[in-house]
Amino acid sequence: MSKKASPVAKIEPYTHPAAGWGALKSVTVNLIKERVPGAHYRALLRQNQPNGFDCPGCAWPDRKHASTFEFCENGVKAVAAEATGKRATPAFFEAHSVTALLEQSDYELEQHGRLTDPMIYDAETDRYRPIDWDDAFKLIARHLRALPDPNQAAFYTSGRASNEAAFLYQLLVRRYGTNNFPDCSNMCHEATSRGLPATVGVGKGTVTLEDFETADAIFVFGQNPATNHPRMLSELRECAKRGAAIVSINPLKERGMERFADPQSPLEMLTMSSTRIAGRFVQPTVGGDFALIKGIAKRVLELDDDARAIGSARVLDVAFIDAHTSGFDTFAADLRAESWAALVAESGVPYEQIDDLAGLYARSERVIVTWGMGLTQHKHSVATVQLLSNLMMMRGNIGKEGAGLCPVRGHSNVQGNRTVGIEEKPTPAFLDRLGRAFDFEPPRRHGYDVVETIEAMLEGHIRVFIGLGGNFAMATPDTPRTWEGLRRCALTVHITTKLNRSHLIHGRDALILPTLGRTEIDLQNGVSQGVTVEDSMSMVHMSYGMNQPASPNLLSEPAIVARMGHALFSDGEDGVDSVDWLGYGAGYSRIRDAIEASIAGFDDYNARVAHPRGFHLRVASREREWLTPSGKATFIAHALPSDTPIQRARARHGRRLMTLMTTRSHDQYNTTIYALSDRYRGVYNERRVLFIHPDDIRMLGFEAGQRVDLETVWDDGVERRAHGFLLVEYDIPRGCIGAYYPETNPLVPLDSVGDVCNTPTSKSVPVLIHRAAQSALG
Ligand SMILES: Nc1nc2c(c(=O)[nH]1)N[C@H]1C(S)=C(S)[C@@H](COP(=O)(O)OP(=O)(O)OC[C@H]3O[C@@H](n4cnc5c(=O)[nH]c(N)nc54)[C@H](O)[C@@H]3O)O[C@H]1N2
Ligand SMILES: Nc1nc2c(c(=O)[nH]1)N[C@H]1C(S)=C(S)[C@@H](COP(=O)(O)OP(=O)(O)OC[C@H]3O[C@@H](n4cnc5c(=O)[nH]c(N)nc54)[C@H](O)[C@@H]3O)O[C@H]1N2
Ligand SMILES: [Mo]
């Protein structure tokens, strides 16, 4: 990739509170850089407001009592990226071959702006050229019909798609005959979605925003809200102000968890003051949460023993455990048998701190635990999520006001996508109802997730790849192998707003289908259409775009899916399909009626979602109804992991072996790189940085500011290296290092996945650090 003359890298610790004036400045810079037309500014004021659009940034919910303008720096960046004045037109593609575009960095690709017309790859000129929409749909239908087995096609979804688009998409795919639904969730909160059903019956969180108003303590595991869920900080600020205890559990002391100046608060902004957020910082080793949570639970059990011995009030919620749960005795016996030495060693957290956390947990009447990628992208993530659920059950902290489980999802509608059927392992009940509603027999065989899709591409089994949003080539692990897989496909199709690398790593035939963004007016037959989304706390609401479309030749996502369905099922020799595809594309309330008919919980969908703030989709566990086989919430015991890839690699390489976590900078949205800095971590104009403990730099014989290469320790004979990372001294536990994704994805082996969830272990990669090869310097 080319390196244009770029500003010099600078490392300078950030000493201000998170957000505040720095955020306002960053917003202004962004709007100018993106050349956002003035008329689109008002869109920023209607973000997450009734009758406005749902912010495409993150899945954190909105407050009922709308503040006039819920300001969020990274929300504005997401909107500005979509409302940009820049365009990637057919003339742009005429001027750049795919080979030439491949030389550009992800940051440069993002700068070309919005796509304007459907394009098809032409091998002779190595360029994308325009194609008519109808011809594009016919080409897709031809490829899909030519496959001997529908399971040879994979249909990816990224979590920005609306409920309407996602529902229609899954209907198309299942009528076609497969459950191959790899989705971004497979790489994200899958450990939550697979872990929670076994303990509490539902793979979703149990809290709503109101619960934050009365929680006594909030434990934040593995999350960087100042960057990834900035509106969560306003909530935590309120909690901190009324005296709730906030604990950050993270190998890094993320700045936003220390002090926060709320741009919503004129007083804080004018007086340059700020609010202290977390009162406690616990820094486990990367992947140490499993042992830490188990340690807290063990200590809570001991505190209960002590209370019983002196006849004072029990620490355990015995009434809850008796009435609502099963498996407690086995769980407790396992905790008692675990040695403190092992728990302390594996967590990297001193006993005194574990004791302090257990004391806080036991004293607090109402506790919320929140978690993000720091918990879900490890080998033992499912077990870790289940241990967290156990801990909460010990004191009845589920299904109680002010308390509960709060997984914090990423993409703004990733939770809704799963609800409406983007699921490679659908339940029989779901399929039965869908089949009844549409009078067909849906495929029963489980489909491929993300990792299985890549494996099947490499085996030559998957021939057609269709992506509803996202950037599959960059978001996925083992980059060179993923690229090889994509290039083996007969057809790759991307429904997308902007150019990204996935469009350049293509199959023999390839299509780019440009779509409206959520911020844009979506007219069908002259009627403005809204779409619906479900946030991280199961609130479903309507979103109306308000900007003029980036180009007259864009189609909405539901319209694209509808016309694909029409081309596939109604245009062929089989005659007209029983599903009125074009009818669905022409009015989305009909899609919502279809969702109501086929998915539980959506009664009166159109009516309920018309309410300005939408409605809460029932979560049974929140109401202490346990949809587990036993009908009870279930304690699940888990032994401390042994013989993990990290442990094996460390046995071979000793202290030189490092556990790498790959994470987000402040200036990116997943694979979309807005700019090259990471303000709160003190990094400017550089993405290839490596956060490392100063003593580890010395131990390895390096110096801060030096460039190094990373090499994965894996046992399949494949060499995995990433080059040219700048060593940055950082307050991070010894033996652990951090760097940004997606640059580090070539280091994540395809078969390095979480148990049960099959999520790439993006937060625990065993690596060695080498002096940079000469060629990578300069
Ligand atoms: N602006 C912006 N917003 C976003 C995104 C974005 O890229 N940019 N992405 C969206 C998406 S899809 C998602 S999933 C979310 C992601 O939001 P987060 O869950 O915050 O994701 P990350 O930044 O990958 O990592 C989170 C934190 O995990 C910590 N961590 C790493 N390893 C461990 C560990 O072993 N234990 C613990 N306790 N902590 C650990 C890291 O230090 C980091 O602070 O944000 C969403 N929102
Ligand atoms: N190493 C490592 N890898 C990771 C992670 C990590 O922490 N570390 N995180 C993982 C996680 S949590 C996730 S969620 C995945 C993200 O994986 P993806 O969801 O696949 O990736 P994104 O970067 O969010 O996708 C961005 C692209 O979506 C398209 N897009 C944007 N808006 C729209 C829209 O409205 N409609 C359509 N159709 N397209 C749109 C644009 O073309 C843009 O380039 O990455 C995962 N990969
Ligand atoms: Mo995510």
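Burial here goes by relative accessible area: buried means under 20%, exposed means over 50%, and partly exposed is anything in between, using a 1.4 Å probe and protein chains only. With that in hand, Asn685 comes out as partly exposed, because its relative accessible area is 28%.

A word on what you're looking at: this is a predicted model, where local features need pLDDT of at least 70, side-chain atom pairs count only at pLDDT 80 or more, and totals for chains, interfaces and linings use all residues. Residues are numbered from 1 along each chain as its sequence is written, chains are lettered from A and ligands numbered from 1 in the order in which they are written, and side-chain values use heavy atoms, with hydrogens and water left out.

**The chain as a whole**

The protein chain carries 30 helices and 33 strands; these are DSSP runs numbered from the N terminus, with helices being H or I of at least four residues and strands being E of at least two. Its C-alpha trace spans about 80 × 60 × 55 Å along the principal axes. The radius of gyration is 25 Å, which agrees with the value near 28 Å that a compact globule of 778 residues would have. That radius is taken over C-alpha atoms, and the globule rule is 2.2 Å times the number of residues to the power 0.38.

Of the 778 residues, 65% are buried. Now for contacts, meaning heavy atoms within 4.5 Å: among those between residues at least 6 apart in sequence, 79% join residues at least 24 apart. The accessible surface comes to about 27300 Å², and carbon and sulfur atoms account for 52% of that. Those areas come from the Shrake-Rupley method with a 1.4 Å probe, and for residues only the protein chains shown count as cover.

On charge, there are 85 positive and 94 negative side chains, with the centres of the two sets 3 Å apart. Lys and Arg count as positive and Asp and Glu as negative, while His and the chain ends are not counted; each charge is placed at NZ of Lys, CZ of Arg, CG of Asp or CD of Glu.

**Residues 659–765**

An unreviewed UniProt entry puts the feature "domain: Molybdopterin dinucleotide-binding" at residues 659–765. UniProt positions follow the numbering used here, feature names are shortened, and annotations may be inferred rather than shown by experiment. This stretch is 6% helix and 34% strand, and its end C-alpha atoms sit 6 Å apart.

Some backbone details are worth a look. Tyr741 and Pro742 are joined by a cis peptide bond, with omega about 5°. Pro742 lies in the loop between β32 (736–740) and β33 (765–771), and Asn758 is also in the loop between β32 and β33. Asn758 isn't a glycine, yet its phi is positive, at about 60°. Asn685 likewise has a positive phi, near 60°, in the loop between β28 (683–684) and β29 (689–692).

Ile599 is in the loop between α27 (588–598) and α28 (605–610). Its C-alpha atom is 33 Å from that of Ala215, 384 residues away along the chain. Ser234 belongs to helix α11 (residues 230–241). Leaving out neighbours within four places in sequence, Ile599 touches Phe167, Thr419, Val420, Phe430 and Arg433, while Ser234 is in contact with Phe260, Asp262 and Gln264.

| Residue | Relative accessible area | Class |
|---|---|---|
| Ile599 | 5% | buried |
| Ser234 | 14% | buried |
| Asn758 | 18% | buried |
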